[in-house]
Amino acid sequence: MYLNRLHLRHFRNYREQEIIFSAPKTILLGDNAQGKSNLLEAVELLSTLKSHRVSRDRDLVLAGETESKITAQLTRKHGAIDLDLLLRDKGRRTATINREHLKRQLDFLGVLNAVEFSSLDLDLVRGNPETRRHWIDTLLFQIEPIYAHILHEYQRILKQRNTLLKQAEHRALDPAELESWNHQLIISGTKVIRRRMRIIDRLAPIASAWHTKISNHTEQLIITYTPNIMAIENTPESIYQAFVDRLHLRHVAEQSLGTTLVGPHRDEIELSIDATPAKSYGSQGQQRTLVLALKLAELELIEQIVGEPPLLLLDDVLAELDLTRQNQLLSVIEDRFQTLITTTHLGAFDAKWLDSSQILQVRSGKIVPA
(Lines give C-alpha, C1' and ligand atoms only; values in the text may rest on other atoms or scores of the structure.)
Protein backbone atom coordinates (compact mmCIF):
# COMPACT_ATOMS: atom_id res chain seq x y z
CA MET A 1 0.00 0.00 0.00
CA TYR A 2 1.12 3.54 -0.66
CA LEU A 3 0.01 6.83 0.88
CA ASN A 4 -0.12 9.31 -1.99
CA ARG A 5 -1.52 12.41 -0.32
CA LEU A 6 -2.28 13.69 3.15
CA HIS A 7 -4.25 16.85 3.89
CA LEU A 8 -4.54 18.35 7.39
CA ARG A 9 -6.96 21.08 8.36
CA HIS A 10 -6.95 22.55 11.87
CA PHE A 11 -5.11 19.47 13.14
CA ARG A 12 -2.77 20.07 16.08
CA ASN A 13 -0.55 23.00 14.97
CA TYR A 14 -1.43 22.68 11.25
CA ARG A 15 -3.95 25.20 9.97
CA GLU A 16 -4.02 23.98 6.38
CA GLN A 17 -1.39 21.67 4.94
CA GLU A 18 -1.23 19.20 2.07
CA ILE A 19 1.62 16.76 1.50
CA ILE A 20 2.14 14.83 -1.73
CA PHE A 21 4.40 11.83 -1.14
CA SER A 22 6.72 11.40 -4.10
CA ALA A 23 9.15 8.72 -2.87
CA PRO A 24 8.98 5.48 -0.87
CA LYS A 25 10.89 7.22 1.93
CA THR A 26 10.00 10.65 3.29
CA ILE A 27 12.25 12.38 5.81
CA LEU A 28 10.57 15.08 7.90
CA LEU A 29 13.33 17.42 9.02
CA GLY A 30 12.98 20.06 11.70
CA ASP A 31 13.63 21.18 15.25
CA ASN A 32 11.62 19.82 18.14
CA ALA A 33 8.02 21.02 18.69
CA GLN A 34 7.51 22.10 15.06
CA GLY A 35 4.89 19.51 14.08
CA LYS A 36 6.84 16.49 12.78
CA SER A 37 5.29 14.02 15.25
CA ASN A 38 1.85 15.57 14.69
CA LEU A 39 1.97 14.51 11.05
CA LEU A 40 2.78 10.90 12.00
CA GLU A 41 0.01 11.05 14.59
CA ALA A 42 -2.48 11.93 11.83
CA VAL A 43 -1.45 8.81 9.87
CA GLU A 44 -1.67 6.74 13.07
CA LEU A 45 -5.27 7.94 13.58
CA LEU A 46 -6.19 6.89 10.04
CA SER A 47 -4.71 3.48 10.77
CA THR A 48 -5.99 2.67 14.27
CA LEU A 49 -8.46 5.48 15.11
CA LYS A 50 -6.29 6.07 18.17
CA SER A 51 -3.43 8.33 19.19
CA HIS A 52 -0.73 6.99 21.50
CA ARG A 53 -0.21 10.54 22.78
CA VAL A 54 -3.70 11.73 23.85
CA SER A 55 -7.11 10.19 24.47
CA ARG A 56 -9.38 13.20 23.81
CA ASP A 57 -10.22 14.45 20.33
CA ARG A 58 -10.34 18.05 21.51
CA ASP A 59 -6.58 17.86 22.14
CA LEU A 60 -6.13 17.16 18.41
CA VAL A 61 -8.04 20.25 17.26
CA LEU A 62 -6.12 23.48 16.57
CA ALA A 63 -6.61 26.02 19.37
CA GLY A 64 -9.54 28.30 18.65
CA GLU A 65 -11.23 25.88 16.23
CA THR A 66 -14.10 23.46 16.84
CA GLU A 67 -13.10 20.64 14.51
CA SER A 68 -10.20 19.26 12.52
CA LYS A 69 -10.05 17.05 9.45
CA ILE A 70 -7.56 14.50 8.18
CA THR A 71 -7.90 13.51 4.53
CA ALA A 72 -5.79 10.95 2.69
CA GLN A 73 -5.57 9.25 -0.66
CA LEU A 74 -4.22 5.71 -0.48
CA THR A 75 -3.37 3.17 -3.18
CA ARG A 76 -3.77 -0.52 -2.43
CA LYS A 77 -3.43 -3.45 -4.80
CA HIS A 78 -7.17 -3.43 -5.45
CA GLY A 79 -7.31 0.29 -6.24
CA ALA A 80 -7.34 3.82 -4.83
CA ILE A 81 -9.09 4.69 -1.56
CA ASP A 82 -10.04 8.10 -0.17
CA LEU A 83 -10.14 8.43 3.62
CA ASP A 84 -11.59 11.27 5.70
CA LEU A 85 -11.65 11.57 9.47
CA LEU A 86 -13.43 14.54 11.02
CA LEU A 87 -12.58 15.21 14.68
CA ARG A 88 -14.63 17.52 16.89
CA ASP A 89 -13.76 19.23 20.16
CA LYS A 90 -17.25 18.22 21.28
CA GLY A 91 -19.26 15.36 19.86
CA ARG A 92 -18.66 12.25 17.85
CA ARG A 93 -16.18 11.74 15.03
CA THR A 94 -17.21 11.22 11.44
CA ALA A 95 -15.32 8.62 9.39
CA THR A 96 -15.66 8.45 5.61
CA ILE A 97 -14.35 6.03 2.98
CA ASN A 98 -14.64 7.02 -0.69
CA ARG A 99 -17.07 9.81 0.29
CA GLU A 100 -19.41 7.36 2.06
CA HIS A 101 -20.07 8.09 5.74
CA LEU A 102 -19.62 5.01 7.91
CA LYS A 103 -22.28 4.08 10.43
CA ARG A 104 -19.69 2.03 12.32
CA GLN A 105 -16.20 3.45 12.85
CA LEU A 106 -15.09 -0.17 13.09
CA ASP A 107 -15.32 -0.32 9.28
CA PHE A 108 -12.55 2.29 9.06
CA LEU A 109 -10.01 -0.06 10.62
CA GLY A 110 -7.77 -2.23 8.47
CA VAL A 111 -7.89 0.08 5.44
CA LEU A 112 -4.58 1.83 6.08
CA ASN A 113 -2.09 -0.41 7.89
CA ALA A 114 0.83 1.24 9.67
CA VAL A 115 3.43 0.43 12.30
CA GLU A 116 4.78 3.27 14.41
CA PHE A 117 8.10 3.17 16.23
CA SER A 118 8.91 6.01 18.63
CA SER A 119 11.05 6.55 21.70
CA LEU A 120 7.90 6.00 23.77
CA ASP A 121 7.93 2.36 22.67
CA LEU A 122 10.66 1.60 25.20
CA ASP A 123 7.74 1.54 27.64
CA LEU A 124 6.84 -1.79 26.06
CA VAL A 125 9.75 -3.17 28.07
CA ARG A 126 9.86 -0.80 31.02
CA GLY A 127 6.18 -0.07 31.46
CA ASN A 128 3.32 -1.84 33.19
CA PRO A 129 1.28 -4.76 31.77
CA GLU A 130 -1.40 -2.35 30.51
CA THR A 131 1.14 -0.86 28.08
CA ARG A 132 1.87 -4.29 26.58
CA ARG A 133 -1.83 -5.20 26.42
CA HIS A 134 -2.53 -1.94 24.57
CA TRP A 135 0.29 -2.72 22.13
CA ILE A 136 -1.02 -6.16 21.21
CA ASP A 137 -4.63 -4.90 21.09
CA THR A 138 -3.67 -2.12 18.65
CA LEU A 139 -1.96 -4.67 16.40
CA LEU A 140 -5.12 -6.80 16.48
CA PHE A 141 -7.28 -3.82 15.49
CA GLN A 142 -5.41 -3.65 12.18
CA ILE A 143 -5.25 -7.36 11.45
CA GLU A 144 -8.72 -8.30 12.70
CA PRO A 145 -10.86 -5.13 12.89
CA ILE A 146 -13.79 -6.96 14.52
CA TYR A 147 -11.55 -7.27 17.58
CA ALA A 148 -12.12 -3.55 18.31
CA HIS A 149 -15.81 -4.34 18.83
CA ILE A 150 -15.01 -7.45 20.91
CA LEU A 151 -12.68 -5.52 23.23
CA HIS A 152 -15.10 -2.60 23.55
CA GLU A 153 -17.89 -5.01 24.50
CA TYR A 154 -15.68 -6.68 27.10
CA GLN A 155 -14.79 -3.30 28.62
CA ARG A 156 -18.49 -2.32 28.74
CA ILE A 157 -19.38 -5.53 30.58
CA LEU A 158 -16.41 -5.13 32.93
CA LYS A 159 -17.51 -1.60 33.82
CA GLN A 160 -21.08 -2.76 34.55
CA ARG A 161 -19.88 -5.67 36.67
CA ASN A 162 -17.57 -3.38 38.66
CA THR A 163 -20.49 -1.05 39.32
CA LEU A 164 -22.47 -3.98 40.67
CA LEU A 165 -19.59 -5.10 42.90
CA LYS A 166 -19.20 -1.60 44.34
CA GLN A 167 -22.85 -1.66 45.35
CA ALA A 168 -22.04 -4.64 47.60
CA GLU A 169 -20.67 -2.13 50.14
CA HIS A 170 -24.21 -0.85 50.75
CA ARG A 171 -26.53 -3.78 49.99
CA ALA A 172 -26.49 -7.53 49.46
CA LEU A 173 -25.79 -8.63 45.92
CA ASP A 174 -28.50 -10.34 43.92
CA PRO A 175 -26.90 -13.73 43.08
CA ALA A 176 -28.88 -14.04 39.84
CA GLU A 177 -27.79 -10.57 38.68
CA LEU A 178 -24.14 -11.30 39.47
CA GLU A 179 -24.34 -14.65 37.68
CA SER A 180 -25.74 -12.92 34.59
CA TRP A 181 -22.80 -10.50 34.48
CA ASN A 182 -20.38 -13.36 35.19
CA HIS A 183 -21.70 -15.24 32.15
CA GLN A 184 -21.36 -12.16 29.90
CA LEU A 185 -17.86 -11.44 31.22
CA ILE A 186 -16.75 -15.00 30.52
CA ILE A 187 -18.20 -15.17 27.00
CA SER A 188 -16.71 -11.81 25.99
CA GLY A 189 -13.44 -12.31 27.86
CA THR A 190 -12.88 -15.69 26.22
CA LYS A 191 -12.99 -14.04 22.78
CA VAL A 192 -10.35 -11.52 23.88
CA ILE A 193 -8.07 -14.20 25.34
CA ARG A 194 -8.21 -16.49 22.30
CA ARG A 195 -7.40 -13.70 19.86
CA ARG A 196 -4.51 -12.40 21.95
CA MET A 197 -3.19 -15.94 22.24
CA ARG A 198 -3.37 -16.52 18.47
CA ILE A 199 -1.64 -13.27 17.52
CA ILE A 200 1.19 -13.73 20.02
CA ASP A 201 1.70 -17.31 18.82
CA ARG A 202 2.27 -15.90 15.32
CA LEU A 203 4.26 -12.83 16.33
CA ALA A 204 6.66 -14.43 18.85
CA PRO A 205 8.75 -16.58 16.48
CA ILE A 206 9.10 -13.71 13.97
CA ALA A 207 10.25 -11.31 16.70
CA SER A 208 12.63 -13.92 18.10
CA ALA A 209 14.21 -14.43 14.67
CA TRP A 210 14.70 -10.67 14.20
CA HIS A 211 16.17 -10.33 17.68
CA THR A 212 18.64 -13.14 17.04
CA LYS A 213 19.75 -11.43 13.83
CA ILE A 214 20.08 -7.95 15.34
CA SER A 215 21.99 -9.24 18.38
CA ASN A 216 24.32 -11.19 16.09
CA HIS A 217 23.12 -14.52 17.53
CA THR A 218 24.25 -13.62 21.05
CA GLU A 219 20.79 -13.40 22.68
CA GLN A 220 17.40 -15.05 22.46
CA LEU A 221 14.11 -13.19 22.83
CA ILE A 222 11.19 -15.05 24.38
CA ILE A 223 7.66 -13.62 24.31
CA THR A 224 5.20 -15.34 26.63
CA TYR A 225 1.50 -14.61 26.86
CA THR A 226 0.43 -15.07 30.48
CA PRO A 227 -3.35 -14.77 30.58
CA ASN A 228 -5.06 -14.11 33.88
CA ILE A 229 -7.17 -17.16 33.06
CA MET A 230 -4.90 -20.19 32.74
CA ALA A 231 -6.79 -22.86 30.79
CA ILE A 232 -5.53 -26.33 29.90
CA GLU A 233 -6.35 -25.83 26.21
CA ASN A 234 -7.03 -22.87 23.90
CA THR A 235 -10.64 -23.84 23.34
CA PRO A 236 -13.77 -21.88 24.30
CA GLU A 237 -14.91 -24.74 26.55
CA SER A 238 -11.61 -25.01 28.41
CA ILE A 239 -11.24 -21.25 28.90
CA TYR A 240 -14.90 -20.95 29.98
CA GLN A 241 -14.43 -23.54 32.72
CA ALA A 242 -11.15 -21.99 33.89
CA PHE A 243 -12.90 -18.61 33.99
CA VAL A 244 -15.76 -20.02 36.09
CA ASP A 245 -13.35 -21.68 38.52
CA ARG A 246 -11.24 -18.55 39.00
CA LEU A 247 -14.27 -16.30 39.52
CA HIS A 248 -15.47 -18.70 42.20
CA LEU A 249 -12.03 -18.67 43.83
CA ARG A 250 -11.85 -14.87 43.90
CA HIS A 251 -15.47 -13.94 44.57
CA VAL A 252 -14.94 -13.03 48.24
CA ALA A 253 -11.98 -10.79 47.43
CA GLU A 254 -13.86 -9.16 44.54
CA GLN A 255 -16.84 -8.28 46.73
CA SER A 256 -14.54 -7.00 49.47
CA LEU A 257 -12.58 -4.77 47.08
CA GLY A 258 -15.54 -3.84 44.86
CA THR A 259 -13.75 -4.62 41.61
CA THR A 260 -13.25 -7.45 39.10
CA LEU A 261 -10.01 -9.33 39.75
CA VAL A 262 -10.46 -11.97 37.05
CA GLY A 263 -10.25 -11.55 33.28
CA PRO A 264 -8.08 -10.45 30.34
CA HIS A 265 -7.87 -6.88 31.67
CA ARG A 266 -5.23 -8.39 33.99
CA ASP A 267 -3.27 -10.31 31.34
CA GLU A 268 0.50 -9.99 31.06
CA ILE A 269 2.82 -10.33 28.06
CA GLU A 270 6.26 -11.27 29.34
CA LEU A 271 9.38 -10.24 27.44
CA SER A 272 12.58 -12.08 28.32
CA ILE A 273 16.13 -12.15 26.99
CA ASP A 274 17.85 -15.48 27.56
CA ALA A 275 15.17 -16.36 30.14
CA THR A 276 15.86 -13.14 32.09
CA PRO A 277 13.00 -10.58 32.37
CA ALA A 278 13.98 -7.71 30.09
CA LYS A 279 12.14 -5.21 32.28
CA SER A 280 14.23 -5.97 35.34
CA TYR A 281 17.66 -6.78 34.00
CA GLY A 282 17.93 -5.78 30.35
CA SER A 283 20.41 -3.01 29.60
CA GLN A 284 19.19 0.03 27.66
CA GLY A 285 20.87 -1.35 24.54
CA GLN A 286 19.17 -4.72 25.02
CA GLN A 287 15.82 -3.05 25.52
CA ARG A 288 16.20 -1.03 22.31
CA THR A 289 17.15 -4.18 20.41
CA LEU A 290 14.07 -5.92 21.80
CA VAL A 291 11.69 -3.12 20.79
CA LEU A 292 13.25 -2.92 17.33
CA ALA A 293 12.71 -6.68 16.92
CA LEU A 294 9.05 -6.29 17.98
CA LYS A 295 8.45 -3.51 15.44
CA LEU A 296 10.10 -5.42 12.60
CA ALA A 297 7.98 -8.44 13.54
CA GLU A 298 4.82 -6.30 13.40
CA LEU A 299 5.74 -5.15 9.91
CA GLU A 300 6.36 -8.69 8.70
CA LEU A 301 3.24 -10.15 10.31
CA ILE A 302 0.91 -7.47 8.93
CA GLU A 303 2.42 -7.99 5.48
CA GLN A 304 1.88 -11.77 5.77
CA ILE A 305 -1.74 -11.45 6.82
CA VAL A 306 -3.03 -8.56 4.69
CA GLY A 307 -0.88 -9.36 1.65
CA GLU A 308 0.62 -5.87 1.37
CA PRO A 309 3.45 -4.12 3.22
CA PRO A 310 2.19 -1.59 5.80
CA LEU A 311 3.51 1.92 6.22
CA LEU A 312 6.34 2.43 8.70
CA LEU A 313 6.32 5.55 10.89
CA LEU A 314 9.63 6.30 12.62
CA ASP A 315 9.33 9.12 15.13
CA ASP A 316 12.84 10.35 15.93
CA VAL A 317 14.09 6.84 16.79
CA LEU A 318 17.33 6.80 14.82
CA ALA A 319 18.93 9.05 17.43
CA GLU A 320 17.93 6.45 20.04
CA LEU A 321 19.70 3.60 18.22
CA ASP A 322 23.40 2.97 17.93
CA LEU A 323 25.01 2.71 14.49
CA THR A 324 24.62 -1.09 14.27
CA ARG A 325 20.90 -0.97 15.04
CA GLN A 326 20.40 2.00 12.72
CA ASN A 327 21.97 0.06 9.87
CA GLN A 328 19.87 -3.03 10.64
CA LEU A 329 16.68 -0.97 10.50
CA LEU A 330 17.57 1.04 7.42
CA SER A 331 18.71 -2.06 5.51
CA VAL A 332 15.39 -3.80 6.22
CA ILE A 333 13.35 -0.82 5.01
CA GLU A 334 15.06 -0.12 1.67
CA ASP A 335 12.06 0.41 -0.66
CA ARG A 336 10.01 -2.46 0.76
CA PHE A 337 7.94 -0.29 3.11
CA GLN A 338 6.78 3.26 2.53
CA THR A 339 8.44 5.03 5.43
CA LEU A 340 7.91 8.41 7.09
CA ILE A 341 10.83 9.41 9.31
CA THR A 342 11.11 12.40 11.62
CA THR A 343 14.55 13.72 12.53
CA THR A 344 16.27 16.87 13.74
CA HIS A 345 19.30 16.31 11.49
CA LEU A 346 20.35 14.24 8.50
CA GLY A 347 23.57 12.87 9.93
CA ALA A 348 22.19 9.35 10.46
CA PHE A 349 21.51 8.84 6.74
CA ASP A 350 24.09 7.96 4.11
CA ALA A 351 24.15 9.64 0.70
CA LYS A 352 22.34 6.76 -0.98
CA TRP A 353 19.43 7.07 1.43
CA LEU A 354 19.22 10.83 1.07
CA ASP A 355 19.30 10.63 -2.73
CA SER A 356 16.37 8.20 -2.79
CA SER A 357 14.26 10.05 -0.20
CA GLN A 358 11.85 12.95 -0.29
CA ILE A 359 13.08 15.46 2.28
CA LEU A 360 10.59 17.93 3.74
CA GLN A 361 11.31 20.79 6.14
CA VAL A 362 8.82 21.20 9.02
CA ARG A 363 8.68 24.58 10.72
CA SER A 364 5.84 25.88 12.94
CA GLY A 365 3.14 23.76 11.33
CA LYS A 366 4.23 24.42 7.77
CA ILE A 367 5.90 21.89 5.47
CA VAL A 368 8.06 22.77 2.47
CA PRO A 369 10.63 20.86 0.39
CA ALA A 370 14.04 21.01 2.07
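How many bridges pair S5 and strand S6, and in which sense? S5 and strand S6 (residues 94–97) pair over four bridges, in the antiparallel sense.

## Basis of the model

This is a predicted model, in which local features need pLDDT of at least 70, side-chain atom pairs count only at pLDDT 80 or more, and totals for chains, interfaces and linings use all residues. Residues are numbered from 1 along each chain as its sequence is written, and side-chain values use heavy atoms, with hydrogens and water left out.

Helices (H or I, at least four residues) and strands (E, at least two) are DSSP runs, numbered from the N terminus. Two strands pair if DSSP finds at least two bridges between them.

## The six-stranded sheet

Six strands make an open sheet. Their order is S2-S1-S4-S5-S6-S7, and the pairing is antiparallel. Strand S2 (14–20) and strand S7 (100–101) stand at the edges. Each has a single partner strand, so one side of each is left without a neighbour in the sheet. Helix H1 (residues 36–48) packs on this sheet and touches strand S1 (2–11), S2, S4 and S5; contact means heavy atoms within 4.5 Å. The direction of H1 makes about 110° with that of S1. Axes are lines fitted to C-alpha atoms, for helices over the stretch in contact, and angles run from 0 to 180 degrees between N-to-C directions.

S1 and S4 run antiparallel, joined by seven bridges. His 7 stands opposite Thr 71 in S4. In a regular strand the side chains alternate between the two faces of the sheet.

Strand S4 (residues 67–76) and S5 are joined by ten bridges and run antiparallel. They form a hairpin with two residues between them. Glu 67 has Arg 88 in S5 as its bridge partner. For Gln 73, the partner in S5 is Asp 82.

Seven of the ten residues of S4 are buried, so S4 is largely enclosed. For strand S5 (residues 79–88), seven of the ten residues are buried too, so S5 is largely enclosed by the rest of the structure. Buried means under 20% relative accessible area, exposed over 50%, and partly exposed in between (1.4 Å probe, protein chains only).

On the S6 side, the bridge partner of Leu 85 is Ala 95. Leu 86 stands opposite Thr 94. The hairpin of S5 and S6 has five residues between the strands. There, Gly 91 takes a positive phi near 100°.

## Glu 16 in strand S2

Glu 16 lies in strand S2. This residue is partly exposed, with a relative accessible area of 47%. Leaving aside its neighbours within four places in sequence, Glu 16 is in contact with His 7, Leu 8 and Arg 9. Its C-alpha atom is separated by 21 Å from that of Asn 98, which is 82 residues apart along the chain.

## The three-stranded sheet

A further open sheet has three strands, in the order S9-S10-S11, with antiparallel pairing. Strand S9 (221–226) and strand S11 (276–277) stand at the edges. Each has a single partner strand, so one side of each is left without a neighbour in the sheet. Helix H5 (residues 175–214) packs on the sheet and touches S9 and S10. The direction of H5 makes about 175° with that of S9.

S9 and strand S10 (residues 268–273) pair over six bridges in the antiparallel sense. Thr 224 has Glu 270 in S10 as its bridge partner.

## H5 against H6

The axes of H5 and helix H6 (residues 236–257) come within 10 Å and cross at roughly 130°. H5 and H6 are therefore oblique to each other. Angles under 35 degrees count as roughly parallel, over 145 as roughly antiparallel, 65 to 115 as roughly perpendicular and the rest as oblique. The crossing is right-handed: a crossing is left-handed if the near helix is turned anticlockwise from the far one by less than a right angle, and right-handed if clockwise.

Residues of H5 in this contact include Leu 178, Ile 186 and Arg 194; those of H6 include Tyr 240, Phe 243 and Gln 255. By class, the contact of H5 with H6 has eleven nonpolar, five polar and one charged residues. Ala, Val, Leu, Ile, Met, Phe, Trp, Tyr, Cys and Pro count as nonpolar, Asp, Glu, Lys and Arg as charged, and the others, Gly among them, as polar.

## Helix H9

The buried residues of helix H9 (residues 323–333) include Arg 325, Gln 328, Leu 329 and Ile 333. The buried residues of H9 pack against strand S3 (25–29), H5, helix H8 (284–306), strand S12 (311–315), strand S13 (339–343) and helix H10 (351–355). Glu 334 follows H9, with a positive phi near 45°.
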